[in-house]
There are 2 protein chains.
Amino acid sequence: MSTLGTSPTALLSPGAVRSAVLPVVRQRVCALEPTLARICSYHLGFTDEHGDPSGAASGKLTRAGLMTAVAQGAGLAPEDVRTQAAALELLHNSTLIHDDIIDADDLRRGRPAAWKVFGAGLAILAGDALQALAVQMVVDDPGPGRAEISSAFTEALRLVLAGQSRELTVRLGPDAGIAQYERIVEEKTSALLQCALVTPALRAGKPEHVLTALRGAGRHLGLAFQISNDVEDIWGDPAVTGKPVRGDIGRRNPSFPVLAAFPVSERLRELWHADDAADAHLAEMAGLVEECGGRDEAERRSRGHLESALEHLGRAGLSPAATAELTALFDRIVNRTA
Amino acid sequence: MSTLGTSPTALLSPGAVRSAVLPVVRQRVCALEPTLARICSYHLGFTDEHGDPSGAASGKLTRAGLMTAVAQGAGLAPEDVRTQAAALELLHNSTLIHDDIIDADDLRRGRPAAWKVFGAGLAILAGDALQALAVQMVVDDPGPGRAEISSAFTEALRLVLAGQSRELTVRLGPDAGIAQYERIVEEKTSALLQCALVTPALRAGKPEHVLTALRGAGRHLGLAFQISNDVEDIWGDPAVTGKPVRGDIGRRNPSFPVLAAFPVSERLRELWHADDAADAHLAEMAGLVEECGGRDEAERRSRGHLESALEHLGRAGLSPAATAELTALFDRIVNRTA
């Protein structure tokens, strides 16, 4: 914390963020009870299912990258939020471990999901342990803004869980309109991005209008990302997404393109309500969604939210270098070019 | 917080603790996302599976009772730790919701477990939400000792999860001896009791030797309670415990009486390793454990830990009235006479 308040010289590259944050993540995970450490290390790609070192992906560390860039743009050094950046990645991963159990998803980042390897019982505990560890790291870190940052983390977690529950309970049909969709995304996706953006500002003691601007940026970034993700789920390359194609349609999870196309096509509504997950059935629905303009509307709306996110970011008064870096990061997050 | 530091007049009765803490629990649970609120309200006995009011049991609020008594013994008013007492009950209940899924237990307090009613997916989220809510309440409460109390809660949660994981991974056989058994109990059972006892002392700014005494009391209280609980699991009345009899033996979860009897009886070891959960098989094992002195040894050891807990309590320098009340509470917790 010795460099707190001094000006950074150059922004960390995404690779450098990785090198700074991953060792903290790894060290904290390894200190868990051995079985929990093994499951979490597997989930994070550090090890294979036998506990041997693995070169698997650990995810993109999107949230750590955002947090580090904002920190530097707010006059902090990357070390000033390193614990928080690692903690936010752990919090995010805790929700992924439980998500895969809840959705019965077999794959995560192209490998068998943790619950498929270790069983649902232990995977529940591993997700709990990561959630607890993330909050503990933030609660125990004694730097400036400790209480406010702890509150930001627990509020973000509350929102993610509320959004996940809301999503499960509206899953049965697309009667939930765009407004409810956006509410769910703001909870389950935007909340952690907002936490990433706001945490450095809390540490740096920035005034309320900066926090408001960063929260707005995170809200729209989450919406832009999720809608783009929905498009990828239907028309993306499984080799890039690491997930089976059209999973949302198969599970009848109303995604943005489907919701946008729904009012237009009676045939789509019929197919949606038929209990059929055959590839041809899913492909026909995907075709109808595209014909009815659901894809175009989703792409248009995702771009619009990205623009709004950048507008809000501009109001946060971060350094020009950080604003430029964050602009590039936002674009990579939404368009998955990273 | 206005009465902080003033002397209490009379100790709250268990009924009064209930009346003080349950409304806080209920209010915070009702403010969750509606589906999560419904599941948690059901689990806590506030409502039935349809969401209608229910007179079902909410548990004994053991931890809230301990916390309130220590608070009064340390010169605080019950209101000074009311949020923390409610939060600790929520934290405890979050672990129960997940525990029932992990152990595939169908019953909780004589009613179908939450996951049997709402499905495992939503019950996972409900447990997550209670865990997050409990920590959020403590993190957001601005009274004295906020940071230390937040750390105590997250550390207790870390230990509970470590203990649960350790228990699952040694479940396969009773090769784990008494030492490992005690370690698991200190984690999964003692940790929350220690948190209950220590929190008021942190709020009141008590010196380290008081915290050490209270931690010691919680450690032995947890061991006394768990060993007594193990005895009940085998020889107790299911109408009192609310759980099927000999569940631990059926699941081959090595409990204290079994571990104590194990070295003595080869026949017991044979039966244990046979994959048979028929009533007659379990009854024969229970009989052997008793014949080999496992029950006597467990009862003796539970009494010994209770005495140690009271010795440590005596060193905490709480008011005589609170010490007397806590002595009675410890006894009720271990001997389930409440």
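Across the interface of domain 1 of chain A and domain 2 of chain A, the rule finds two salt bridges (a side-chain nitrogen of Lys or Arg within 4 Å of a carboxyl oxygen of Asp or Glu). This is a predicted model, where local features need pLDDT of at least 70, side-chain atom pairs count only at pLDDT 80 or more, and totals for chains, interfaces and linings use all residues. Residues are numbered from 1 along each chain as its sequence is written, chains are lettered from A and ligands numbered from 1 in the order in which they are written, and side-chain values use heavy atoms, with hydrogens and water left out.

Q: Which residue forms a salt bridge with A:D105?
A: Look for A:R251: its closest N and O atoms to those of A:D105 are 2.9 Å apart.

Q: Where are the domains of chain A?
A: Domain bounds come from an automatic or database domain assignment. Here that gives domain 1 (9–141) and domain 2 (145–338). Their C-alpha centres lie 21 Å apart, and the contact (heavy atoms within 4.5 Å) takes 37 residues from domain 1 of chain A and 36 residues from domain 2 of chain A.

Q: What area do domain 1 of chain A and domain 2 of chain A bury between them?
A: The size of an interface is often given as the accessible area lost when the parts come together. With a 1.4 Å probe, and summed over both parts, these two domains bury about 3100 Å², 71% of it on carbon and sulfur atoms.

Q: How many residues of chain B are in contact with chain A?
A: 34 residues of chain B meet 34 residues of chain A. About 2900 Å² is buried between the chains, with carbon and sulfur atoms giving 67%. The count of salt bridges there is zero.

Q: Which residues does A:L66 contact?
A: Leaving aside neighbours within four places in sequence, the partners of A:L66 include A:L193, A:L221 and A:F330.
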